[in-house]
Amino acid sequence: MPRSLDDRETDMIKLYDFELSATCYTVRLMLSLLRIAFERIELDVYPGREHESPWFLAISPSGELPVMNDGGGVLTGVPAILEHLTGAYDPSGRWNPRDEPGVRHGIAQWLAVAGQLNATAGAARLHDTMFQAADIEACRAGAHRSFRALDEHLWFAEQSGHDWLCAAGHPTIADIACFPPVMLSEEGGISRLPYPAIRRWTDRVKRIPHFTPMSGIFNAAPLAAAPTSGRRTSA
Amino acid sequence: MAAGYTPDLVERWFAVARTEEVVPRHVVQAQLLDQEIALWRDDAGAVNAWENRCPHRGVRLSIGLNTGTELRCQYHGWRYATGSGQCTYIPAHPTQKPAATMRVARFGITEAHGFVWVSLGTPAGPPQGPATGCEHATTLRSIYTEASAATIAACLLRGYRFALDPLGADESSPDAVVVAEDAYTLRAKSSHAGEREAAVTFFLQPMGASQTVIHGLLTTHGVAADRLAVLRHHHRQMTALRDAAESR
């Protein structure tokens, strides 16, 4: 339904959203982890193609989702939105540390990887579930190449005592950006069976406090209150 | 399940995962001889290898919840006890005791030499180990390969390289002799002067006709000063092996 940028008088963050979009879910997940209330403006992307309607193109000329309006500033796409949310609403400074150059560069790199994952695994999923045009074989092959690299990175990270994509000792927006297209990959015909380190990492992401799922993503079993074997929870 | 596979493949152990990767409250998704397996460890430390299929509606148990004492199917919440695989609770009928016939199919499972081993049959003895005289053993990263075990074995028999080259100058020239103990167990023994009796034993896990997992067990007399460098060296060798096998 058509809305304008000044439709509401509320101060609440507005998120232009499509429930089944992996990139929109990325933003909804970050909002949940930061415990930020927001107003969801839901578009009928499929099958209604509402993201191509004139009222939305006036807000987002590329028709791209997710789009966020926070106090009049319009942000498009995952990297810009995650940068903004962590800059404005993360007092801990842990989700996107600005003082550690190594971590900052790592985050930039992984945000780019998340874009690749959405363009391969994500595109395969949209092709298989919403009939979006794609070179499906190239998408799946590209996804497997990325998953192989991701699994190797996570395995060696575990060997060094790290549970997350960046060696920061806690999750960052790198993990949040990469998680959705990875977690939804089977809807595009990409099995995660050959990627056991990825599968352990997705469990860890699901256990982050205030994690929220979406259709097709299920919660992980909680860890025991006190370890019975003394074994670390990651390999 | 294991249809079309000869008894010698069914009645033996195959390594399917490194022990330290079957972590608490997690379900590993594995595949052996075209059989998908849900592999999980209970809170007491015991491991289970179950058919990856809920007896109710066939949903994969590998997306289910490992509560520490049971697997809970994601679909309707049916619960299956560790060990027996017996259904213990059906949320839609909370006061009824589930029928004894509602049980997940289970496979033989054991742990040895740093790996979890599964058999689709009932082997007589334990899995064969590295059989080297070395005190120290390190499991290497398992490499998932789009190739048959036979192709991988043929590539491996061409040689393997132990020596870490600090300058990275000649990582490709083999310096170790490789022998096959059987079609799925091969051993590379170092002939490098400083690596007395060091060996890597490769355990091949046939996922299916053209998919194999290459597991590696490095045995040495001393502990390496830079453990990560050693892991990365063998990882480079094993991914080169994978690339060679996949391009055949």
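**View 1. The largest cavity, with about 140 Å³ of space in it.** The model shown here is predicted, with local features needing pLDDT of at least 70 and side-chain atom pairs counting only at pLDDT 80 or more, whereas totals for chains, interfaces and linings use all residues. A cavity is a set of points, on a 1 Å grid over the protein atoms alone, where a 1.4 Å probe fits but cannot get out, and lining residues have an atom within 4 Å of a point; grid points are joined across faces, edges and corners, and the volume is the space filled by probe spheres set on the points. By this rule there are 2 cavities of 30 Å³ or more. The lining of the largest cavity consists of 17 residues, and those nearest its centre are Pro196(A), Arg200(A), Glu21(B), Ser142(B) and Tyr144(B). At least two lining residues come from each of α5 and α7 (196-206) of chain A and β1 and β2 (27-32) of chain B, where helices (H or I, at least four residues) and strands (E, at least two) are DSSP runs numbered from the N terminus. Sorted by class, the lining has 9 nonpolar, 3 polar and 5 charged residues, with Ala, Val, Leu, Ile, Met, Phe, Trp, Tyr, Cys and Pro counted as nonpolar, Asp, Glu, Lys and Arg as charged, and the others, Gly among them, as polar.

**View 2. A network of salt bridges with members in chains A and B.** Glu158(A), Arg200(A), Arg204(A), Arg18(B), Glu20(B) and Glu21(B) are linked in this network, a salt bridge being a side-chain nitrogen of Lys or Arg within 4 Å of a carboxyl oxygen of Asp or Glu. Over all chains, the whole structure holds 25 salt bridges. Residues are numbered from 1 along each chain as its sequence is written, and side-chain values use heavy atoms, with hydrogens and water left out.

**View 3. The salt bridge between Arg98(A) and Glu83(A).** The closest N and O atoms of Arg98(A) and Glu83(A) are 3.3 Å apart. Arg98(A) lies in the loop between α3 (78-89) and α4 (101-130) of chain A and Glu83(A) in helix α3, so the pair ties together parts that are 15 residues apart in sequence. Arg98(A) is partly exposed at a relative accessible area of 40%, and Glu83(A) is also partly exposed, at 37%; the term covers values between buried (under 20%) and exposed (over 50%), using a 1.4 Å probe and protein chains only.

**View 4. The salt bridge between Arg140(A) and Asp128(A).** The N to O distance in this pair is 2.8 Å. Because Arg140(A) lies in helix α5 (residues 136-159) of chain A and Asp128(A) in helix α4 of chain A, the pair ties together parts that are 12 residues apart in sequence. Asp128(A) is partly exposed, its relative accessible area being 29%.

**View 5. The open sheet β1-β10-β9 of chain B, with antiparallel pairing.** This sheet has 3 strands, and its edge strands, each pairing on one side only, are β1 and β9 (108-112) of chain B. Two strands pair if DSSP finds at least two bridges between them. Strand β10 (residues 115-119) of chain B pairs with β1(B) in the antiparallel sense over 4 bridges, and Ala17(B) stands opposite Val116(B) in β10(B).

Note on methods: Chains are lettered from A and ligands numbered from 1 in the order in which they are written. On a 1 Å grid over the protein atoms alone, a cavity is a set of points where a 1.4 Å probe fits but cannot get out, and a pocket is an open set with protein on both sides within 12 Å along at least five of seven lines; lining residues have an atom within 4 Å of a point.
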